Amino acid sequence: MDTNQYLEIFLEESEEHIESLNENLLQLEKNPEDSHIIDEIFRSAHTLKGMAATMGFENMTRLTHKMEDVLQEIRSNSIKVTSNLMDVLFKCMDALSSMTGIISESGNDSYDIENLIELLETNNSKEEVAATNIKNSKSLDSNNINVYEKDIIEKAASQGYKTYSIEVVIDKNCVMKSARAFIVFNTLDNLGDIVDSTPSVEDIEDEKFDDRFTVHLISKHEKDVIKSKLMSISEIKNINIEELLYSKEIKDNKKFGPTNLGSDDQIKHSKTNKSVRVDIERLDNLMNLVSELIIIKTRLEGIESNEKNPDTISTIEYLERITTNLHDAVMKVRMVPVERVFNRFPRMVRDLSRELNKKITLNMYGQDTEVDRTVIDEIGDPLVHLMRNSIDHGIETPEVRVKKGKPETGVINLKAYHEGNNVIIEVSDDGSGINFEKVKNKAYEKGMLSADEVEELSNEKLIKLLFEPGFSTSDTISDISGRGVGLDVVKNKIESLNGSIEVKTEVDKGTKFIIKLPLTLAIIQALLVMVGNEKYAFPLNSISEIVNKNKNEIHLVQGKEVVMYRGKVIPLIRLHNILDLKSNEDSDNFICVIIKKGDNLAACSVDELIGQQEIVIKPLGKYLSNVKIIAGATILGDGQVALIIDSNNLF
Amino acid sequence: MSMFVVTRLGSEEYGIEIDKVQSIEKVTKITRVPKAPSFVKGVINLRGEIIPVISLRMLLKLCEVEFDDDTRIVIIKNNDIVIGIIVDNANEVVEIHDDNIDSIDVNSNLYKKESFIGKIGKIGNRILMLFDIDKLTTQQEVKL
C-alpha cells in the first residue's frame, strides 16, 4: 500500500502522542502509584506502536514495543518507578521525537535505538512475568461486563442462547477499517444480538481503534458457524471466539467491571471535543482575504467622507462592524494557547535540575492564554533561554538554599496573561537574584567601563548591561547557559516582535523577567507619513510622541545632529537621507516623530503626517530580505503600496 | 520538448521555462524600496501580494528604456521566491525540442562570467537565450 498520503497524518498524530506521553510520564514520576496514568501512557505507547507498524517504521515499532514491555511491568507492579527508569523512558521519548523529525525529513526512521533497547531490557529483567501478566489483563479486559449486560446474558443463557466474546483482527493494511467493522457488525446482527463492543461502536465508526475490536454476541449458533461467516469477509485477518460462561467469570470480574468502565468513559469524554484540523496555509489564506476586506473597507470609508448620502453612510458603518467582527473571529481561529510553548518546560526543568542536582518546582499559570500563532512560533527560544538562566544561575543548590534559610526546593513561576492588546509572560524564580557586584566586576573586566564609571552606575543601568552582547555573569560556562550569547539575543528577538522585556531583581529573593508582546503581528496600528513624495508607515507602538521642531533647535554633537527632547539630547535621524531621497531643507520648521527602542529615543524628521490607520503587514519576500530598515509593506486603500519602517533598525 | 515564454529586450530574445512563470502583468505603479540593490525597481501590489520587481535591463547591464504599452512584468515563481521581471515585451510561447537546446560554453568569451543565461535554444534560425531561473531568483550583488 502506498502509505505516503498518510504520512502527514501519522506525523501529526505521533507528535500528539509523544507530547501526551511526555506529559503523562512527568505525572507518573510525581504519582508513581496512579494506575490511571500508567494506563494512559500504555495506551498512547500502544497506539504509537500500532501506527508505526502500519506505516512500516520498524525501529519505531521496536522501540515502542520494548517501552510497552517495561510499562507493562510497571502496570503489573513487578517493577517500581525509579528516577533511573524514568530517565530511560524520557530518553526513549526524545528518540521517538527525533525519529518523527527524521521521518518527516527523509521518510525513513533510521535512528540508532540499540542503546535504548539495551537500557530498556536491563530494566525489564522479568520478561516472563510480564508476558503472563499481559494474558491476565487481556482476559480481564474482554470481560468488562456491566451489571446490565450480565442480566441480559443470564436471561439469554436460561433460554438456551450462548454468549461469545469475539475478537476481530482487521488486516493492518486495510484502508477503511470502519467500513470493514460495519460489515462485521452487520453479519453478526444476522447471527444474533450484539450486547457490547470494545471500543464503543461510536469509536469504531470514527476509526478510533487500532486493528482489533471485541464484541459480545448472544447467539444460538455454534462457534464455528460464526467464525466461518466472519472469515468470509475480506481483509479480516483473524477471529478469536470464546464462549463466555457467565456465572463464574462474570462474578469474578464484577468488581473490576464498573471501575474500568468509569475510567474509560472519562477518557472518551476528553477525546471527543469537537474540532477540525485545518491546514495552517488555509488559515493564512483566510486571513489574507480578511485583510483584503479591511483594505477595501478603508477605501470605502474614504469615498464615504466625500458623500453625504445617509443611506451609504449607514451601510458602510454596518460593513465596518461586520468586517471588525470577522477580523476578530479569524484572529481567534489563529490564536493558540501558550501551552504549546509552555508544555516543553516541565520536562526541561526536570532534566536540568537532575543534571545540576538542584531541587526545583515549576509552577505554570495561564497556559490557556491565547496568542497569535505568529507570536507563538517566535517566543519559544527566548523563553527557553530565560528558563535555563533561572535554573542555572537563579536557583541555588539545596545546601546553599538551606544556609540562606530558604526552603530546599526552589520555585520557578511561569505566568502568562493578557493585558490590553498585549500578552505578558513572566518568568520568575526565588533564587539568588542578580548579583550587582558581579555585574560591575564583569563590566570592568571586559573593559566596557572604567572602574569609576562602574561604581557610579545605578542598578537599572547595570541591568541594562546584562542585555549587552557578550555579557555573562556566570563564573563557569556550563552546558546550560553562560556563554554570553544570551540575554542580548533574547532582547533582540523580543524587540523584533515589537515587544519589550523588563527585569526585576532582589538579592536572595529572586529575579523576575517580564516579557510584553503584541497579541498579533499581522495587523497593527500605524502612523502614515509622507517623506518626499513617498508614503511610509511607522508602527504606532514604536512612536512615543510627535513634535514640531525648528531648524535652529538642531545642535551638533561630534558632527552628528541632535535635538533636545524633554530635557534629553537625542539623535536626529533625517529620513530623507536614510531613504535615499532628496531633502527639501528650505522650510524652517519640520515635524519630528519621536521613536523609541527600549529606553532609547530618536527623532525622525518627516515632511507630512497623513494619519493613524490599521494596516495589514505583508512581508517583502525572501528576495528582499536584506533590506533591514523596511519591516514589510502594506497595501493602502487606493491599492498603493506603503513600506513599513523598522524603527528598531534605524538607530 | 519544453515550452518557454519568449521575452524581448531590444532585439535580443530570452526564454523562461513556462512552469516557472506564474503570470504576465502590465506595468502597474511600482513602489521604490530604499536601500535595495539598484536593479530592484521596487515592489508592486499584485492582487494583495507584495512582489519585488527587478529591471532585467539593469541586471543584464543593458541601457534602460522608457516603459511603453508593450512593457510587461513577468511574474516568476521559483520554490518559495516570487519576483517580477520587467521586459520590453512578452507575447509568445514556443516549444523547443531538447535536441535543440545547447548548454553554453562557459569558457567562450561570448558570455559574461556573471551571466544569468543557462542554455541556448534554437528554433530555425532564431536564437533564444534561456534563463537560469535559480540564478535569477537568488540575489546576486546585494550589498547594503
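Modeller: Accessible areas here come from the Shrake-Rupley method with a 1.4 Å probe. By that method the accessible surface of chain A comes to about 34,100 Å², of which 49% belongs to carbon and sulfur atoms. For chain B the figure is about 7,800 Å², with 47% belonging to carbon and sulfur atoms. Note that this is a predicted model.

Biologist: What secondary structure do the chains hold?

Modeller: Chain A has 23 helices and 22 strands. Chain B has 2 helices and 11 strands, in the order β-β-β-β-β-α-β-β-β-β-β-β-α from the N terminus.

Biologist: How many of the residues count as buried?

Modeller: In chain A, 44% of the 651 residues are buried. In chain B, buried residues make up 49% of 144.

Biologist: Why is A:Arg350 called buried?

Modeller: Buried means under 20% relative accessible area. A:Arg350 has 8%, so the label applies.

Biologist: And what makes A:Asp351 partly exposed?

Modeller: Partly exposed lies between the 20% limit for buried and the 50% limit for exposed. A:Asp351 has a relative accessible area of 25%, so it falls in that range.

Biologist: How do you know that A:Arg350 and A:Asp351 form a salt bridge?

Modeller: A salt bridge needs a side-chain nitrogen of Lys or Arg within 4 Å of a carboxyl oxygen of Asp or Glu. The closest N and O atoms of A:Arg350 and A:Asp351 are 2.9 Å apart, so the pair qualifies. Side chains of opposite charge can pair when their charged atoms come close.

Biologist: What makes A:Asp87 and A:Arg354 a salt bridge?

Modeller: The closest N and O atoms are 2.5 Å apart, which is within 4 Å, and therefore the pair counts. A:Asp87 lies in helix α4 (residues 83–106) and A:Arg354 in helix α16 (residues 345–356), so the bridge links distant parts of chain A, 267 residues apart. A:Arg354 is partly exposed, with a relative accessible area of 34%.

Biologist: Which residues are linked in a network of salt bridges?

Modeller: The network links A:Glu29, A:Asp87, A:Asp94, A:Arg347, A:Arg350, A:Asp351 and A:Arg354. The structure holds 29 salt bridges over all chains.

Biologist: Why is A:Gln558 called exposed?

Modeller: Exposed means over 50% relative accessible area. A:Gln558 has 80%, so it is exposed. A:Gln558 sits in the loop between β15 (555–557) and β16 (560–565) of chain A.

Biologist: Which residues form the nonpolar patch?

Modeller: A:Leu293, A:Ile296 and A:Leu326 form it, with about 220 Å² of accessible area together. A:Ile296, in helix α13 (residues 280–304) of chain A, has 41% relative accessibility and therefore passes the 30% limit.

Terms used. Residues are numbered from 1 along each chain as its sequence is written. Chains are lettered from A and ligands numbered from 1 in the order in which they are written. This is a predicted model: local features need pLDDT of at least 70, side-chain atom pairs count only at pLDDT 80 or more; totals for chains, interfaces and linings use all residues. Side-chain values use heavy atoms; hydrogens and water are left out. Helices (H or I, at least four residues) and strands (E, at least two) are DSSP runs, numbered from the N terminus. Buried means under 20% relative accessible area, exposed over 50%, partly exposed in between (1.4 Å probe, protein chains only). Patches are made of residues with over 30% relative accessible area and no salt bridge: like charges are joined within 9 Å, nonpolar side chains (Val, Leu, Ile, Met, Phe, Trp, Tyr) within 5 Å.
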